[in-house]
Amino acid sequence: MELTNKILKLKKEKKAVILAHNYQRPEIQDIADYVGDSIELSRKAMNEKDAEIIVFSAVDFMAESAAILNPEKKVLLPTPGARCPMAQMLTVDEIKKWKAVYPLVPVVLYVNTLASTKAYADICCTSANALEVIESLNAETVLFGPDRNLAEYVQRKTGKTVIPIPEWGFCPTHLLFQPEDVQMLKLKYPDAVVMVHPECTFEMQETADFVGSTSQMCRYAKESNAKTFIVATEEGLLHRLGKDNPEKQFILAYEDAICPNMKLNTLDRLYMALKEEKYVVTVPEAIARNARKALERMFEITK
Ligand code: CIZ
Ligand code: SF4
């Protein structure tokens, strides 16, 4: 039997749901029950009442969030080594250090963080709702980690003081994009609309017609009358953009913008994960309790 059919059969038998992030390989996106960004997938996970197993084809922090929000379900990450390097950049000690300097300032953590650090957050946010989350807070200054580019983007847009913790956090994949590449592509495709992720540098964001998260890019591309788009985010999104908009053309702003961790998940590993029910992601309840509060607070303000 073909691998795809084996996966679908097992999925049914085990009452599993497959969630795939927008940055997953095309063949994984095609087999998934849902494809989306981290918040869309977390919501799906919470609404899948009948599912007993959630296979989260993404990286560690996303599966951890699903485990925090669904303590009664078995959450599987197909590749244990699929870890987001940016999430590793913020430690509990670093948060404590900043909290000691700014004891009354709220801590807003990007979902791209480890559960152990989320336990110290007042609220979480994603790139899709960061502005909404910061604006909802009754505070003019916030501590924000770990992505510095996103912190600066939020500061520019809200006018609040957003202190990045650590001072240098970044996504190695989004840092690959350079304005020169966009300028070259614009010569070839002068009518193209430029969409840039806020994890990219400020200089890259300046080249954009639209700055937004992957889910926002999907919406923007669908609603736009433009026919050609230059896209600055991880290349996996182009599969989804192309599928949703077959009449439009999407060009990656830098062709090697690949997140190696996201790409560690393969169909074979997805199959093995379902077959052997591995690798189970769990978060100790003492950590999960506080982290859940920070995530739920985010859900409350982004209906
Ligand atoms: O929040 C997510 O899913 C990430 C990491 C990217 C995006 O913009 O959707
Ligand atoms: Fe982490 Fe960047 Fe990869 Fe997303 S694309 S998982 S932020 S390294």
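**Note on the predicted model**

1. Start with confidence. Among the elements of the chain, strand β11 (residues 228-232) has the highest mean pLDDT, 99. Helix α3 (residues 38-47) has the lowest, at 89. This is a predicted model, and the chain averages a pLDDT of 97. A score of at least 70 is reached by 100% of the residues.

2. Overall build. The chain holds 15 helices and 12 strands. Its C-alpha atoms fill a box of roughly 55 × 50 × 30 Å along the principal axes. The radius of gyration is 19 Å, which agrees with the value near 19 Å for a compact globule of 303 residues.

3. Ligand 2. Look for this ligand in the largest cavity. The residues around ligand 2 include Y23, V59, N112, E199 and M262. By class, the shell has 9 nonpolar residues, 1 polar and 1 charged. Domain 1 (2-83 + 262-282) and domain 2 (86-171 + 288-301) each supply at least three residues to this shell.

4. Two cis peptide bonds deserve a look. One joins G145 and P146, with omega about 0 degrees. P146 is in the loop between β7 (141-145) and α9 (148-158). Another runs from I165 to P166, with omega near -10 degrees. P166 lies in the loop between β8 (161-164) and α10 (179-188).

5. One backbone angle to check. K15 is not a glycine, yet has a positive phi of about 50 degrees. K15 is placed in the loop between α1 (3-13) and β1 (16-21). Most residues other than glycine have a negative phi.

Methods:
Residues numbered from 1 in each chain as written. Chains lettered and ligands numbered in written order. Predicted model: local features only at pLDDT ≥ 70, side-chain atom pairs only at ≥ 80, totals over all residues. Heavy atoms only, no water. Near = heavy atom within 4 Å. 1 Å grid on protein atoms, 1.4 Å probe; cavity = no way out; pocket = protein on both sides within 12 Å on 5 of 7 lines; lining within 4 Å. Sits in = over half its atoms within 2 Å of the grid points. Nonpolar A, V, L, I, M, F, W, Y, C, P; charged D, E, K, R; others polar. Domains from an automatic or database assignment. pLDDT = per-residue confidence, 0-100. Helix = DSSP H or I, 4+ residues; strand = E, 2+ residues; numbered from the N terminus. Rg over C-alpha atoms; globule rule 2.2 N^0.38 Å.
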